[in-house]
Amino acid sequence: MNDYDVIVIGGGGAGLAAAVSAAEEGAKVLLFESETELGGSTQLSAGMFTAAGTSVQKGLGIEDTPEKFFQHYMDLNHWMLNPGLIRTFCEHAAPTVEWLIGLGVEIPAKVSANAHMPGLCQAGVEDVWRGHVPKDQGFGLVQVLAKAARANGVEIVLNTRVQRLLQDDGRVSGVVADDLEVRADAVVVASGGFARNPELLAKYYPAALRAGDDLFVVAAEGSRGDHIAWGEQVGATLAGDGWGLMLPTAYFQRLHHWQSGFPPKSRIYVNSHGRRFMDEDASYAVSSGIIDAQGGTVWAIFDERARRELPPGYAHWDAEVVLREAEAGRTIRAATVEELAGKIGVPAAALTATIDRWNDRLPNGTDPEFLRHRTLANKGSTEPPAPIGEAPFYAARILPAELVCTHAGMRIDGDAAVLDERGEVIPGLFAAGEAGAGVLGLRYVGGGNAVANALTFGRIAGHNSARRISTRR
């Protein structure tokens, strides 16, 4: 007889969702977490959850459907994802939100201006808002799920890294942890991604390494990519190779934006031609791709007033920090726009014209080229940015350098079952989150994409891993 019905590897959002849903089905569940506390990358996130057709949306009078979500998701990803899998995700995301609310997660039916204000906000470039922001952020999600796990009798073992999977006659039948074999009817891999593993990044997401010394990682410390080796061990096929999420940052940032701070509202991004090329507040669903497409260095241009008025208390986008960077010569500073252009190697006439055009438009309320006034309004900004005109002027390099998550992992189907190289289910093996690949794609759909994927497919994996137990009893 097996020691457990279900073993879950990983105690982040995906693993906790799997453990709770399996235990709700009556399964005897053991959860291994490699770190000293639960939470993983979910705990470090804003906790935002993308979903369509929820009670939160209805409470605000917003009509939305999983079908609309599906169409948007597939279009943004150039239809390079498995439509059946994505349809399953879009159909189950809203029920997962309702499940979380039933467990005690608070998502008020009110408009949120950003990813840190509980309520409903714009997650990405969708026309219907789908970003569900919980009270107490990702930490709050984890606390509710951990409480539910314990209430449902899930046995949790911390600070224990699973070494390999066990197989009997082609079926995954348990794990080896601390050199001990632990048997189960099913195993759910929810161990996160590989953002903390440079060798796996070089192999499966080399684009992240283009940031060089500017690269910094905000994923959990346990994001070592163990799922890749386990997949190879059991003959799983890989999905998501070459994909992940990099956020645009200033070169001097080293923390998530709610710790690093935010660049000045009165700023423009210019390319190597000295021309503005984007809405500076565009969602990171598309902004990193726009910046990458410039084919050269991108600069954030702002003035002394913008620097001086940066709000205090942040680690990097702070008036004194920016001043120190300028004094050190890393942030470029000049007395005139023409001098600044020379220092950053862009045509002075183009940069001057770009700033003049900006000063004539968005500070007066509209941005006819890039429609940034709409983005600012969606973020709750009621005052237009100030003109860029007070010397000295500054230029800071902007590039995708904040690595949030990786998308390569074991390919799953709509049941969260892992597939082998023939496309067949590997009996007894399920995966979710970054370890279970195929949902996070070429384009990150917007804030809450990874959390929604993790919890939705974690819940599906937990339910289906326990299904044999419920039918057997």
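Colleague: I've got the model open. Where do I start, say with residues 5-451: how far apart are the end C-alpha atoms?

Modeller: They lie 26 Å apart, and that span is 31% helix and 21% strand. Keep in mind that this is a predicted model. The span comes from a record: an unreviewed UniProt entry annotates residues 5-451 as "domain: FAD-dependent oxidoreductase 2 FAD-binding".

Colleague: OK, helices next. How do I read the packing of helix H1 and helix H16?

Modeller: The general idea is that two packed helices are described by the angle between their axes and the distance between the axes. Here, H1 (residues 13-24) and H16 (residues 449-465) have axes that come within 7 Å and cross at roughly 35°. The crossing of H1 past H16 is right-handed.

Colleague: Which residues of H1 and H16 make the contact?

Modeller: From H1 you have Gly13, Ala14, Ala17, Ala18, Ser21 and Ala22. H16 brings Ala454, Leu455, Gly458, Arg459, Gly462, His463 and Ser465. By class, that contact splits into six nonpolar residues, six polar and one charged.

Colleague: What does E8 pair with, and in which sense?

Modeller: Strand E7 (residues 162-168) pairs with E8 in the antiparallel sense over six bridges. To find your place, look for Gln167, which stands opposite Val172 in E8. Strand E9 (residues 180-189) also pairs antiparallel with E8, over four bridges. There, Gly174 has Arg183 in E9 as its bridge partner.

Colleague: And what sits in the turns of those hairpins?

Modeller: Between E7 and E8 there are two residues, and Asp169 in that turn has a positive phi of about 55°. The E8 and E9 hairpin also has two residues between its strands, with Asp178 in the turn at a positive phi of about 50°.

Colleague: One more sheet, then. What is the strand order in the open sheet of three strands?

Modeller: Read it as E3-E5-E4, with antiparallel pairing. The edge strands, E3 (49-50) and E4 (119-121), each pair on one side only. E4 is joined to E5 (residues 131-133) by three bridges, running antiparallel. For a landmark, take Gly119, opposite Val133 in E5.

Terms used: Residues are numbered from 1 along each chain as its sequence is written. This is a predicted model: local features need pLDDT of at least 70, side-chain atom pairs count only at pLDDT 80 or more; totals for chains, interfaces and linings use all residues. Side-chain values use heavy atoms; hydrogens and water are left out. Axes are lines fitted to C-alpha atoms, for helices over the stretch in contact, and angles run from 0 to 180 degrees between N-to-C directions. A crossing is left-handed if the near helix is turned anticlockwise from the far one by less than a right angle, and right-handed if clockwise. Contact means heavy atoms within 4.5 Å. Ala, Val, Leu, Ile, Met, Phe, Trp, Tyr, Cys and Pro count as nonpolar, Asp, Glu, Lys and Arg as charged, and the others, Gly among them, as polar. UniProt positions are given in the numbering used here, feature names are shortened, and annotations may be inferred rather than shown by experiment. Two strands pair if DSSP finds at least two bridges between them.
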